[in-house]
Amino acid sequence: MLDTLLAYPQSLLGPLWPVAWTLAKILMIVVPLMLCVAYLTLWERKVIGFMQIRIGPNRTTFFGISWLGGLAQPIADGLKLLVKEIIVPTGANRFLFVLAPIMAIMPALAAWAVVPFSPELVLSNIDASLLYLLAMTSLGVYGVIIAGWASNSKYAFLGAMRSAAQIVSYEIAMGFALVGVLMAAQSLNLGEIVKAQQGGAGMFSWFWIPLFPLFLTYLISGVAETNRAPFDVAEGESEIVAGFHVEYSGMTFAVFFLAEYANMILISMLTAILFLGGWLSPFPASWGILGAPSFGWLLLKAFLVVSSFLWFRATFPRYRYDQIMRLGWKVFIPVTLVWIVVLGAWMQTPLWIWWNS
Amino acid sequence: MTFQEFIFWFFATVLVFAALRVITARNPVHAALFLVLAFCTSAGIWIQLEAEFLGIALILVYVGAVMVLFLFVVMMLDINLTRLREGFWSYLPVGAVVALLLVVEMALVLAGPWFGLAEAPRPEPAPEGYSNTKELGRLLYTDYVYPFELAAVILLVAIVAAIALTLRRRKHGKYIDPAQQVSVRREDRVRMVSMPAEKKEGGS
């Protein structure tokens, strides 16, 4: 049916069709993603509100319907930031100052190109998608560094320095965790990785069981990579005002904000795909509709992981900087290295039961 | 011009421009950022040559880690531009020799037809389902496992040497052992003293 529907625009655009069709597919991913990001901010404020026995945002509403209270909050926030003035500090490098938020959000969106939503539904089914993801997430640090330097402000610069060191350190642990995943799945392709987790035992054939230490490392490194609490020393309000984005206002600030939340959703989606079986059902296949793989399961898993990010933020106090470095270098990297060796040995024995061969 | 050729020329133009700016930019931070741009575009060209592993590894290692640390250092330097230009004439002969060598090398590559480069066989297009990454991994861990391990050991020695050279224990360092910190008990810090209440003396 889709082919007949697409035949008309295809004939209309001629040679430009592949470009237009790819752009349309990109929009189909980015627009829902941006909506998710907007409502994630509301969900965060609500969750933290519930945890602190408050109500959270409940005033802004659509068309005065009272039971929708709070639902229009992200729209109102977005509109407010959109019409605010963008102030460029004196002595700041104008070009880099504006480039920084773009550099922050670009990798957060580009990484979605290889994320599979179902066995067929993926924008670009490339072979080295896991490597591509690692490369894209490692580019995110440039937004922070350039912002810190171009702002011509000491606080912003301190935030950028902290963030650069933190992201580079945690990337190593994250990369090692992914090495474990690709060893277990025997593939770098995200779709193949999910298929490798298909087994008769439902949620017990996913990789979070044999790779449990790597799963925890990946999750916590993910929190550190996105500069979220308790690892948010890059912004540390009580120490360096707001860190790297202290000089940003209006839409330039909003783009940093969007990038942070888009990164959070990306990391939770990847955790769901790499360790929690992606679109596979947690129940055995014999359970009928509950046991069938579907996009809904992927969404549910990603939602649970992203909610745990908010939970961390509401629960833990901020780490001290030297403790962050110690955790990254002296705990996570040795744990992942040891587990990779254990995994290599384990996979040579008949005790390894995670291949549905 | 096909779409692929267009992409190649686009990347090539950006790459040459960025590489030129690396050496002409006055501000070292700008130069480092142009180097990042140069790395990114050359990774694009490599991916177009079906060397996707090398391309992505270039981004991952050089752009994602090395250049971040490089920027980190360059941003913290207080660079005096006039003092940087002082030694221009004394460095010129060495620089000229290096430049001449580079020009000769470039000429050897670019003037390929005169040096018989055209007679070399064209690389065959990769078959369907060919994975660059898998092939590299297979070669590294089977045919070239000894050179590979040797390189790894040399790097390890370099790491140990670098750390040993820079590691110094501060005499009056305030280092705290986290394990000790965590295992502290209430009794070590507070002493609860039970005292009978005293009557207030005089006054209102």
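In the predicted model, chain A comprises 13 helices and 0 strands. Read from the N terminus, the order of its elements is accordingly α-α-α-α-α-α-α-α-α-α-α-α-α. The radius of gyration of chain A, 22 Å, is close to the 21 Å that the globule rule gives for 357 residues, and chain A is therefore as compact as a globular protein of that length. Along the principal axes, the C-alpha atoms of chain A occupy a box of roughly 65 × 60 × 50 Å. Of the 357 residues in chain A, 41% are buried. Among the contacts in chain A with a separation of 6 or more, 75% join residues 24 or more positions apart.

The interface between the two chains brings 17 residues of chain B into contact with 18 residues of chain A. On the side of chain B that touches chain A, helix 3 (residues 52-76) of chain B supplies the largest share, namely 13 residues. By residue class, this side of chain B consists of 13 nonpolar, 3 polar and 1 charged residues.

The model scores are ipTM 0.80 and pTM 0.84. For chain B, the average pLDDT is 83, and 92% of the residues score at least 70. Among the elements of chain B, the highest mean pLDDT (93) belongs to helix 7 (residues 145-166) of chain B, whereas the lowest (66) is found for helix 4 (residues 81-84) of chain B.

Key
Residues numbered from 1 in each chain as written. Chains lettered and ligands numbered in written order. Predicted model: local features only at pLDDT ≥ 70, side-chain atom pairs only at ≥ 80, totals over all residues. Contact = placed C-beta atoms within 7 Å. Helix = DSSP H or I, 4+ residues; strand = E, 2+ residues; numbered from the N terminus. Nonpolar A, V, L, I, M, F, W, Y, C, P; charged D, E, K, R; others polar. pLDDT = per-residue confidence, 0-100. Rg over C-alpha atoms; globule rule 2.2 N^0.38 Å. Buried ≥ 20, exposed ≤ 12 C-beta atoms within 10 Å, placed from the backbone.
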